[in-house]
Amino acid sequence: MTGNSFWNFIKGIVRAVIRIIIEIVHRLLINLFDTLFGFLKWPEKKLRIKVFLLKTQQPDPEILATEVTDAINYTKEVFRKNFNVSVLPVRNNEPFVEILKAIPSYEALHTKGSTGALTEEFKTAGSFYAANLRAPIYPVTAFVVLSIKGATGCSLGPMTDYVTLDHSAARDNSILAHELAHACGLWHLSDQENLLWNRKNRGDKTNWWQKNIFRGSRHVTYW
Ligand SMILES: [Zn+2]
């Protein structure tokens, strides 16, 4: 292990521990009402997101931004209908989608899915995403990357404040909503009509206890 990779590893551990503690505090104290009664979908809550397109994208970034905007609109509709949660930008008047100014490392542009994503979180890719979050802890930042090995989108659940999407995922409306749902604590279900179905042509449905878990997330706030 070189000096750099040692520090990336330590920083990754510190990030994960902080987030897991904050998540537990929210689920069991601050959001206890939603953790128990989230199926009532009352009152309205907010999920603040940012989508960063990484530089060196293949298609025209403007076309990609339009496609991502369609995915954001789909997500707004589903989260409003299913959870009574408004999807908003981090600050009220800022755009949802922007090109990230920082130059991504190769590892951040070509990341990995599932267990690969977990190891990347403790290497240069994880450090890059953490350093370029729109804001830590509460909002979720989605990074549109060039490729994700073995997946089209990825989330490490409540452990991180970001999700990743490749170009095909940015074009498929349901993947952003699906990955954000993972970030808010939901896991895969074997029901094709559910938003948490792990394959193509998923539906947009969620059941009552998924509402409790989603609304109990630290990312889903009253402010
Ligand atoms: Zn998934």
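Of the 223 residues of this protein, 43% count as buried. A residue is called buried if 20 or more other C-beta atoms lie within 10 Å of its own, exposed if 12 or fewer, and partly exposed in between, with C-beta atoms placed from the backbone. Please note that this is a predicted model: local features need pLDDT of at least 70, side-chain atom pairs count only at pLDDT 80 or more, and totals for chains, interfaces and linings use all residues. Residues are numbered from 1 along each chain as its sequence is written.

I turn to the overall fold. The protein has 9 helices and 9 strands; these are DSSP runs, numbered from the N terminus, with helices being H or I of at least four residues and strands E of at least two. The radius of gyration is 16 Å, close to the 17 Å that the globule rule gives for 223 residues, so the protein is as compact as a globular protein of that length. That radius is taken over C-alpha atoms, and the rule is 2.2 Å times the number of residues to the power 0.38.

Which residues of α6 are buried? They are Ala125, Gly126, Ser127, Phe128 and Tyr129. Their cover includes α1 (3–30), α4 (106–109), β4 (110–112), α5, β5 and β8 (162–165). Contact here requires the C-beta atoms of two residues, placed from the backbone, to lie within 7 Å.

Next, a pair of helices. The axes of α3 (residues 61–83) and α8 (residues 173–183) come within 7 Å and cross at roughly 55°. Axes are lines fitted to C-alpha atoms, for helices over the stretch in contact, and angles run from 0 to 180 degrees between N-to-C directions. The angle makes α3 oblique to α8, given that under 35 degrees counts as roughly parallel, over 145 as roughly antiparallel, 65 to 115 as roughly perpendicular and the rest as oblique. On the α3 side, the contact is made by Asp70, Ala71, Ile72, Tyr74, Thr75, Val78 and Phe79. From α8 come Asn173, Ser174, Leu176, Ala177 and Leu180.

Finally, some backbone details. Tryptophan 42 and proline 43 are joined by a cis peptide bond, with omega about -10°, and proline 43 is found in the loop between α2 (32–37) and β1 (45–53). Serine 114, in helix α5 (residues 114–121), has a positive phi near 40° although it is not glycine. Is serine 114 buried or exposed? Serine 114 is exposed, with 12 other C-beta atoms within 10 Å.
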